[in-house]
Amino acid sequence: MVMEGGGSGNNSTPTIDKTRVLDVKPLRALVPVFPSSSEAPPYGTYSSGFSPFYPFSAPQGSQATPDLNQQTHTTPAAPLRSFRATESNWDASGGEYESYDGSTGSARGRPKSSKKRARKIHDLDFTLSVDENDFVVGVSLSERDDGNREVVHSIQMRFDALRRRLSQLEDAKESPAGIIRRADLKAGNILMTKQVRTNMRKRIGTVPGVEIGDIFFFRMEMCLLGLHAQSMAGIDYMSVRNGLEEEPLAVSIVSSGYYEDDAEDKDVLIYTGQGGAANRDKGATDQKLERGNLALERSLRRGNEVRVVRGMKDSVNQASKVYVYDGLYRIQESWVEKAKSGCNIFKYKLVRIPGQPDAFGVWKSIEKWREGLSSRAGLILPDLTSGAESKPVALVNDVDEEKGPAYFTYVSTIKYSKSFKLTPPAYGCNCQNACQPGNLNCSCIRKNEGNFPYTTNGVLVCRAPMIHECGPTCPCFPNCKNRASQTGLKVHMEVFKTKDRGWGLRSWDSFRAGTFICEYAGEVIEKVSQVGEEGEGDDYVFDTSRVYESFKWNYEPGLVEEDGSIEAIEEPNVPSPLPIMYENNRESLIHIAFFAMRHIPPMTELTFDYGKSRLGEAAADGGSTSRGRRKCLCGAPICRGNFG
């Protein structure tokens, strides 16, 4: 269970040279050519089989990364009115693109080339045969057109669960060299085909169920949720009636940093149009006033709101990208200037609508804290662990004058006050290097029902409540991927004072669904009463005797051609509801590890389900178990209401 949270940041707005921003006349005199009826619509219905679907079936527009080695030209800007709309067709899918990179590819798309790629994109050849009875869509017809927060969370979690399972299956195979594994495209392909999606009805403005600050690690997530319908193109648009004619209006853009965008200001974005960049077949050319560029120009004239998604490097994994939905902007100005390649490119100045919660601004504030450019407001200690963790854990209070929890000692792992016999003696693996997915000779993998519990980048896939990791006496490398919970913190945490809930925990970094957050460390005691009277002093006690909801990653086995027998391994006979077990000197040790249920933006308070008493809730009206019960203030819509 994760609550939404936020932070703030203040960046100054860059000065714009007004001499380069010229008056642009309306383009209503230009008549764009619309798609023929044979072209696939951007949103539509499909058969129950594995048929082509948008955004892969419809062509998309083109643009590649400009040559940044060229000298910058300073030719005065030309007005957009000097450029006329091209005679070629425009369509709401954004032009002719290949669906190549849905997570870290070009922000505006990649132009088609007649030459073969050096590497084969394996995942686009995926075929599927699914029994309809094995799969429950769980999305009503009305929710497919207009979503809500619950549906958005469900679809996003189902996508990533399916993507992780497909990654796990691919990791266990021996694939030829040069094969590009794209489990995100494969998962999106499956869910699109099965109509597990929402907000299919295109719209200008907010998208139901998607909130400012939401983060995404793959472009396909935004397609499934209706935030941005292009799997690659950076400009998404729709057709609207203007008198007797129709015209394209921009609905959303993605700024990923691949073009000459000025994207450092938290309230102003200078966005570069699409097309014209060099590719394998030809050099750079002038951008044309067509497709997405034409839609942005018409939106400038109409003054409609445009959704903006900002892309940036993932601070935890620099090889990947994270996208944050930054809210609604309006296009204020447009002009033409010379790019570094020497060609004409379109520029659009978008200004954030005031009064919206901070999103990208939070990231910019954290960036300044890391670089020491500004101090963290309310900082008490930069690292309350005193070096016990590889990453610092700050102590922050910007609410009142309290200086921290009293009598607090930081520990990084579980401490046993006396010897506990947890389980019979156990033995680790005999792998000499690192445990490899698919290696059934590894005893630790066999304990996990033959599946490696994590993907190769350490993201949890296992659906069972008990995970067997390699222990200290296993001969495999210390960086073996089957030790995900034993390598300490990977992100910059902070303990912070809340307004009404005591001390909480949050991170300066984002979490991808399935990633390890931290271990619930501390002293193991037999009874809560050992820390005081019932209900006193147990605010931070994890009670293993309580009943916790069985959580599953919510993908249907039928989607990956598995039968329902997988359900049988999800309720193993374990001594307690603790998720991690590994051996040390032939004795099994149990640890409590927290993983992210879904993507968590930075500065979001981390919470978990306290569970319920095994005696039930019947005593809530005055029985003995009602003592010490307190109202929970987490604010989550599925909150139990009380704990203790």
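Predicted model: local features only at pLDDT ≥ 70, side-chain atom pairs only at ≥ 80, totals over all residues.
Me: How many helices and strands does the protein have?
Reply: The protein has seven helices and 20 strands. These are DSSP runs numbered from the N terminus, with helices being H or I of at least four residues and strands E of at least two.

Me: How much of the protein is buried?
Reply: Of its 644 residues, 52% count as buried. Buried means under 20% relative accessible area, exposed over 50%, and partly exposed in between, with a 1.4 Å probe and protein chains only.

Me: And what does the accessible surface come to?
Reply: About 29800 Å², of which 50% belongs to carbon and sulfur atoms. The areas come from the Shrake-Rupley method with a 1.4 Å probe; for residues, only the protein chains shown count as cover.

Me: Which residues have the most contacts inside the largest nonpolar core?
Reply: Leu-162, Val-210, Phe-216 and Leu-227, in a core of 41 residues. Elements that give two or more residues to this core include α2 (149–171), α3 (183–193) and β6 (321–338). A nonpolar core is a set of buried Ala, Val, Leu, Ile, Met, Phe, Trp, Tyr and Cys residues joined through side-chain atoms within 4.5 Å.

Me: What is Val-210 in contact with?
Reply: Leaving aside neighbours within four places in sequence, Val-210 is in contact with Arg-149, Val-152, Phe-216, Leu-225, Leu-227 and Tyr-325. Contact means heavy atoms within 4.5 Å.

Me: Which residues does the second core include?
Reply: That separate core has 22 residues, including Cys-442, Cys-444, Tyr-582 and Phe-595.

Me: Why is the pair of Phe-159 and Phe-218 edge-to-face?
Reply: The ring centres are 6.2 Å apart and the planes stand at 70 degrees, so the pair is edge-to-face. Phe-159 is in helix α2 and Phe-218 in the loop between β1 and α4, 59 residues apart.

Me: Is Phe-159 buried or exposed?
Reply: Phe-159 is buried, with a relative accessible area of 1%. Phe-218 is buried too, with 8%.

Me: Which residues do ring pairs link into a cluster?
Reply: Tyr-454, Phe-516 and Phe-595.

Me: Where does Arg-506 lie?
Reply: Over the face of Phe-496, at 3.7 Å from the ring centre. Likewise, Arg-310 lies over the face of Phe-360, at 4.2 Å from the ring centre. A charge sits over a ring if NZ of Lys or CZ of Arg is within 6 Å of the ring centre and within 35 degrees of the ring normal.

Me: What is Arg-376 in contact with?
Reply: Beyond neighbours within four places in sequence, the list includes Asp-398, Glu-494, Arg-506 and Trp-508. Arg-376 lies in the loop between α6 and β8 (379–381) and is buried, with a relative accessible area of 9%.

Me: Now the sheet. What order do β11, β16 and β17 have?
Reply: The order is β11-β16-β17, in an open sheet of three strands with mixed pairing. β11 (467–468) and β17 (587–591) stand at the edges with a single partner strand each, so one side of each has no neighbour in the sheet. Two strands pair if DSSP finds at least two bridges between them.

Me: How many bridges are there between β16 and β17?
Reply: Five, in the antiparallel sense, with β16 spanning residues 580–584. Glu-583 has Ser-588 in β17 as its bridge partner, and Met-581 stands opposite Ile-590. Four of the five residues of β17 are buried.

Definitions and conventions. Residues numbered from 1 in each chain as written. Heavy atoms only, no water. Phe/Tyr/Trp six-rings, centres within 6.5 Å; stacked < 30°, edge-to-face > 60°.
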